[in-house]
Amino acid sequence: MGLRPNLLTRRTAGVASTTLALLLSTAAVGVVPAASAFSAAPAAPCAEPADVHSDARVKQGGSAKLDPNELTAQQVRDREADLAGALRERANFRTGAATLATVTIPVVVHVIQRDSTRAGGNIPDSLITSQITVLNQAYSGATGGAPTAFSFQLSKINRVTNPAWYPIVQGSSAERQMKTSLREGGKNTLNMYLGELSDDLLGWATFPKRKLDGMDGVVVLSESLPGGTATNYNQGDTGTHEIGHWLNLYHTFQGGCSGSGDSVSDTPAESSPAFQCPTGRDTCATAGLDPITNFMDYTYDSCMYQFTAGQASRMLTAWNAYRAA
Ligand SMILES: [Zn+2]
């Protein structure tokens, strides 16, 4: 993974205020602004656990303080209680269900295009097949992390030209229309929506829920795929990161230095997202350097290469609770 030139942000003050509006509008579905944004905005009403489902990855920029991605402590508690409930439900009522140790996930890729040009979203199939390869390397541990149970198999590329869905705007009614009309398969099918995205976002994902709905899936900036044009973020790790959320992982910086953090014991706590690829970053008094090389942080693609054994275990537990047949 090579070094890349410095990131240029597209943000301006005007864009930042647009982002805040977006954050406010999405709060109702569980994407909550970081603490610093709360000074300007009231906290979202407490959502039902099932509605706390969306999470994102952002590029570094002047408005990183408006990071939309961190769940509140209460939302994490609700999600953890829901996971425990789903596991109890499985133990009590689905006693015949096999507990899987390895999982092959069928992937349906929807390429959302404005027109037939590359600038209009028409990426070649080769980027998509490269993305699947990157996912399989990341989730098998081949890039240096712990192996996970998961592998990925491309089952379909669905190309859709619809200017009304381009860019894909997080939390918009157009996003809902797009997903509910395009989504295919059951709980075990990964639907990946590729396109230009709103507000400098690299991607966002839904967490698993007990009852499948049409919003389930991941949205990824098409030019973040391996070989794309998103400088510093074009080796496919946005896909890896968003699918981590889809498999129930939080960010490594979830909860900051205190409490249960990301609910995984072998990822050292960190107080905030790390960007670029900082050396020796250590933002919490607890043991361990910040896990900047973890796929669930915000560093450059060239910097992140691993899941931990604890994350692998959490993903498999969640699969058996939520997504297994
Ligand atoms: Zn994320």
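**View 1. The loop between β3 and α5, with its proline.** P167 belongs to the loop that runs between β3 (150–161) and α5 (173–182), in what is a predicted model throughout. The peptide bond that joins Y166 and P167 is cis, and its omega is about 0°.

**View 2. Confidence along the predicted chain.** Taken over the whole chain, the mean pLDDT is 82, and 78% of the residues reach 70 or more. Residues 1–53 are a stretch in which the pLDDT is below 50, although the model still gives this stretch 95 contacts beyond near neighbours in sequence. A further stretch, residues 62–68, also has a pLDDT that stays under 50, and here the model has 23 contacts beyond four places in sequence.

**View 3. The packing of helices α4 and α6.** Helix α4, made of residues 125–140, packs with helix α6, made of residues 237–246, at an angle of about 60°, and the two axes lie 9 Å apart. Because angles from 65 to 115 degrees count as roughly perpendicular and those under 35 as roughly parallel, the two helices are described as oblique to each other. The crossing of α4 and α6 is right-handed. On the side of α4 the contact is made by Q131, V134, L135 and A138, while α6 contributes G239, T240 and I243. Sorted by class, the residues of this contact are 4 nonpolar and 3 polar, with no charged residues.

View 4. Since 20 or more other C-beta atoms within 10 Å make a residue buried, N232 counts as buried with its 22 C-beta neighbours inside 10 Å.

View 5. N248 is found in the loop between α6 and α7 (309–323), and its phi is positive, at about 90°, although N248 is not a glycine. With 21 other C-beta atoms within 10 Å, N248 is buried.

Conventions. Residues numbered from 1 in each chain as written. Predicted model: local features only at pLDDT ≥ 70, side-chain atom pairs only at ≥ 80, totals over all residues. pLDDT = per-residue confidence, 0-100. Contact = placed C-beta atoms within 7 Å. Axes fitted to C-alpha atoms, helices over the stretch in contact; angles between N-to-C directions. Helix = DSSP H or I, 4+ residues; strand = E, 2+ residues; numbered from the N terminus. Parallel < 35°, antiparallel > 145°, perpendicular 65-115°, else oblique. Left-handed = near helix turned anticlockwise from the far one by under 90°. Nonpolar A, V, L, I, M, F, W, Y, C, P; charged D, E, K, R; others polar. Buried ≥ 20, exposed ≤ 12 C-beta atoms within 10 Å, placed from the backbone.
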